[in-house]
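Welcome! Let's take a friendly walk through this structure, one step at a time.

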Amino acid sequence: MRTSVHTSEAMARRLAKRRAAERRFRAYGIVAITLAILALATLFTSIVGNGYTAFQQTYIALEVTYDPEVLGLGEARDPKALSGANYPGLVKKTMRDMFPDVKGRKDKRALYGIVSSGAAFMIRERLLADPGLVGRTERIRVPADDDIDMLVKGHIDRQVPEAERRVKDNQIGWVETLEEAGRIERRFNTAFFTAGDSREPELAGIRGAAVGSLYALLVTLALSFPIGVAAAVYLEEFAPTNRLTDLIEVNINNLAAVPSIIFGLLGLSIFINFFGLPRSAPLVGGLVLTLMTLPTIIIASRAALKSVPPSIREAALGMGASKMQTITHHVLPLAMPGMLTGTIIGMAQALGESAPLLMIGMVAFIVDIPGGPLDPSTVLPVQIFLWADSPERAFVERTSAAIMVLLAFLITMNALAVVLRRRFERRW
Amino acid sequence: MSGPALILVLLAFSAVAFHLGRRRAFAVSASAGGVKNLHSLPSYYGGLTALWCALPAVVVLGLWVSFESSIVENLVVAGLPEETRALPPERLNLVVNDIRNLAEGNIVSGEVVPEMRAAADHYLELRRTAAAASAVVVLCVAIVGASLAWRRVSPSLRARNQVEQIVRVLLIASSTVAIFSTLGIVLSVLFEAIRFFGHVPIADFLFGLDWSPQMAIREDQVGSSGAFGAIPLFAGTLLISFIAMTVAAPIGLFAAIYLAEYATSAFRSVAKPVLEILAGIPTVVYGFFAALIVAPAIRDTGAIIGLDVASESALAAGLVMGVMIIPFVSSLSDDVINAVPQALRDGSYALGATRSETIRQVVLPAALPGIVGGLLLAISRAIGETMIVVMAAGLAANLTANPLQAVTTVTVQIVTLLVGDQEFDSPKTLVAFALGLVLFVVTLCLNVIALRVVRKYREQYD
Amino acid sequence: MNVTAERMSISTPHPPTPAGLFPITRSGPESGSEPWADSGPGPLLESEPESAPGLSLEPVPDDIETVGEATVERPRMTSRNVGVMYGDKMGIERVSLDIGSNEVLAMIGPSGCGKSTFLRCLNRMNDTIDICRVSGSIKLDGEDIHDPRLDVVQLRARVGMVFQKPNPFPKSIYDNVAYGPRIHGLVDGRRETDAIVERSLQKAGLWDEVRDRLEQPGTGLSGGQQQRLCIARAIAVSPEVILMDEPCSALDPIATARIEGLIDELRENYTIVIVTHSMQQAARVSQRTAYFHLGRLIEVGETNHVFTNPRHKLTEDYITGRFG
């Protein structure tokens, strides 16, 4: 074997160095991907770890005697009297009866704090539905206060000095007594899915926000899908190359990259201040989200139209079909799956969007579940934002749970888009 | 009749109009010797009638809705007592607000006086009348339009061409929505910003070092003028964006390189969707993650090694924002790297270059314009990102480059200033629009440059 | 073995062929339909469609052996029983061929016959294709190129390659040529680099055209200049063998003539293997010619022998333009 520059000793040394550099470079790539995946894993585990307990709620079983004296009813049984009766007093009385040894105003207040303030409302609903219960005794389950809920779920460390924790020693004692008596149980947290917002974590639910999101998305879908498809059809099939078309293209591409909060400013000053539409309404939210989603839908729809081969258009035109007939009969049906996929992805973006909705007042504290697109309401991501701001430990748990629900919706929508794409993907 | 119901009725009317127009086409064709003697298919005559029924009515409805509230309000104001009408416009606005709240059964700010009660009743009645009148007018327009079209149906009417012409105009109108959105953005932020610059000189705003807009709310307070120097906000925005980019740019770029050049297709088919999941997570979730998990973790770590870290440190917001932007950088770079022709790689390999030498010295230089464009888009996104900083960055306008301290950003201040009750004549509210204008202009420039660079790059290898 | 005695020169007009003489048994490989197919413009000498019974191929018998002189006395590279599989599709099989020192070996054959595939085996460029599997042994100066101790980087530095389409890097002319020496650490300092760039460009016959604009991008040159730049780039690494994969197929006749002249000059210092679609080109530049057909090496020999007196029927059919 002859030696040349390429087979010399020096070359072998250089080669070893180059191989090492190669391995290092490759390692950077692996590290980068690992870091990204690690970040995602941390995010998911911390949210699931924080939130999964929120799907359960601690309940306390109470022996309630619907004593007309305590309720301040006297002989009256009409709905008006029943709805105005002293239910908080009844709850307090029940608690006192369970722990007759508790004396002193401070201790009593601590005792009353074990059950949720929602207990009185529950009893009221129950009596309004069935006035015949007055005077009888029954065992009912009422939600525990959020601090007690946290204690039972183990989020509050009982070893911490009393002054530093929200649940006092005597409350822990009572809860332990109740636990021994089998009066404390953890059940599925239905309120989380059926209730609107509340200041009390144990009574707060996401239904109001979810319904608000639904209305906003319906408005968005009803506007952005037809407009987006129409715009895509025009730009892809009809538009001549002129300055107007150029201007439209530039605008679409820019709008896709404009910060979302700017759309909020637009909504605030145009839709609310200029047109006088109501604040906090899903209608306005839907309008703003429409403007934000349009670029996504237009770009996806244009790609779908582009993928339909020109031979199909030529075939239809060759049969004597008009351009409009060619498009509606042949091109649109073939491009529809792609357009729908783009629309679903756009809707998923809209569902997760929150910044512009803060601007148009969808950030209010709203207890009622909205009945229409003009009622004040909030949306799921904004609800998460509101809860994340609350100091209670129980709200951290509920925020995480609401995030899990939101992510579940998003994953479902994206999975739908993937299935749609797989199912109808066509190679020409 | 409420809006949605009116629209449903209008749809029903159009359906009837379609049916009638089509029937008439059959009828006139009978005398002309059969359907084949019509210019267009019967359904086009139906379609034309339906369009004439719906379109003018929708236009009238749109105009009505746009102007109803201001006309009703003027009428209500006209019915108010003399001394109320003489109030300055902003006070008058408050009164009108109160009347509206009263009418809708909401909580009213002031005390309810009989005049207001009367005005509220007046308001409610006007609204009811307006709603009824709008329904009548809109439906009348629909019927008139449909009957006009219906009477024109004849074998020689070029119905298909007319329908297609109308649809074409609708298509054009839809595609101009993008222009109108941009126009709407520009006008809405520009006018309010100009009003703000009437209160505060533009130079003080752009170059002032002191930011404390809260002071301006009450005129009798000390320091009532407030301070609107936006430099601390710009600095804070840049600091957080810089931290985000130092996370996202290397990780995103190296991930893209690995996926495009090294990874097997099996690995790619797993890793790419995982990165896309990062892109699909709502920003509010990242905000929660930053505020409740990352920020405390950084603070505790800092405490252990003896550093004083603010609980709302720029580092936490920047790190999480970086994670959010990783998929953005990686997918754009991936596209760009894949667009580099294989022939260039082959040429390099054939000279005996290793993979990394080929990537560093041939592929990356060739892809550089595209990558720069992608990074510019990523920076624009970092600057405009709102929820993460609202939740995890502070409100204190510190002028610092220390990532362990709290800083505030442009978007945080816009949200803080505009959430809640606003007065639209105070600089405190208007400054939000001035900030919005700056944000819009900066991101617009970045986007335009980036999109142009990327497009040029694409054309080079097409 | 059906060896025809009839002599045919490449300029002989195609003899009229009775339609039934070569029964249609299988269709010829279609260009571009297979991963290893040669793409790009067709050969310069293309048989006219009306006179070429392009589908009249006899099936190649399985026991075919290469006819002619596949071995030489002082080989630079040797290959024995080389086969390439793309997934489960055959690229080439049982190719045994020597490449002598300082000779130009031309490889000809119809599209998709495997000549480019074989060429890419010689510097292991097939490694960059995931599904490609190479078997058999290839040696460079007696050293197995698949030996795990041999670095592929080193192999490619010793066996350079010029591609069908000129592919200068988007860098300056200077950096294009200096790229190879720099990555291999062959130069130390600006002076040495300048010298090697000048020498390579001179050898590639490009120096006089570009000496004043070395800092301009290589992509700004004309097609022929780009291809000579790619040759200069390959020479700059001081390879022992240069592989050329249809280097002139994207060029006009004048540029082609310049490259062919260049190949002739380069033979002094380098061993050259060239794949070409043009039989005139093979006749003009090469000393030995190898004819490939459907993944097999059919015939190898002195170029003038192969063209004037082909021993194999398939070779004869090809060079007389019965198919192409």
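Let's begin with how chain B is divided up. Its domain assignment lists domain 1, covering 3-157, and domain 2, covering 227-458. The centres of these two domains of chain B, taken over C-alpha atoms, are 47 Å apart. Keep in mind as you look around that this is a predicted model.

Next comes the overall build. Chain B contains 17 helices and two strands. With a radius of gyration of 31 Å, well over the 23 Å that the globule rule gives for 462 residues, chain B is more spread out than a compact globule.

Now turn to the place where the chains meet. Here, 81 residues of chain B are in contact with 74 residues of chain A. About 6500 Å² is buried between chain B and chain A, and carbon and sulfur atoms give 77% of that area. Which residues of chain B lose the most area to chain A? They are B:Leu171, B:Phe254 and B:Phe288, which together make up 9% of what that side buries.

The rule finds one salt bridge across the interface of chain B and chain A. In a salt bridge, the side chain of B:Glu357 meets that of A:Arg18, at 2.7 Å from N to O. There are also 11 residue pairs in polar contact between chain B and chain A, with both residues at pLDDT 80 or more. On the side of chain B that touches chain A, the residues divide into 51 nonpolar, 23 polar and seven charged.

Notes
Residues numbered from 1 in each chain as written. Chains lettered and ligands numbered in written order. Predicted model: local features only at pLDDT ≥ 70, side-chain atom pairs only at ≥ 80, totals over all residues. Heavy atoms only, no water. Contact = heavy atoms within 4.5 Å. Buried area = accessible area lost by both parts, 1.4 Å probe. Salt bridge = Lys/Arg side-chain N within 4 Å of Asp/Glu carboxyl O. Polar contact = N/O pair within 3.5 Å; in protein donor to acceptor, adjacent residues only side chain to side chain. Nonpolar A, V, L, I, M, F, W, Y, C, P; charged D, E, K, R; others polar. Domains from an automatic or database assignment. Helix = DSSP H or I, 4+ residues; strand = E, 2+ residues; numbered from the N terminus. Rg over C-alpha atoms; globule rule 2.2 N^0.38 Å.
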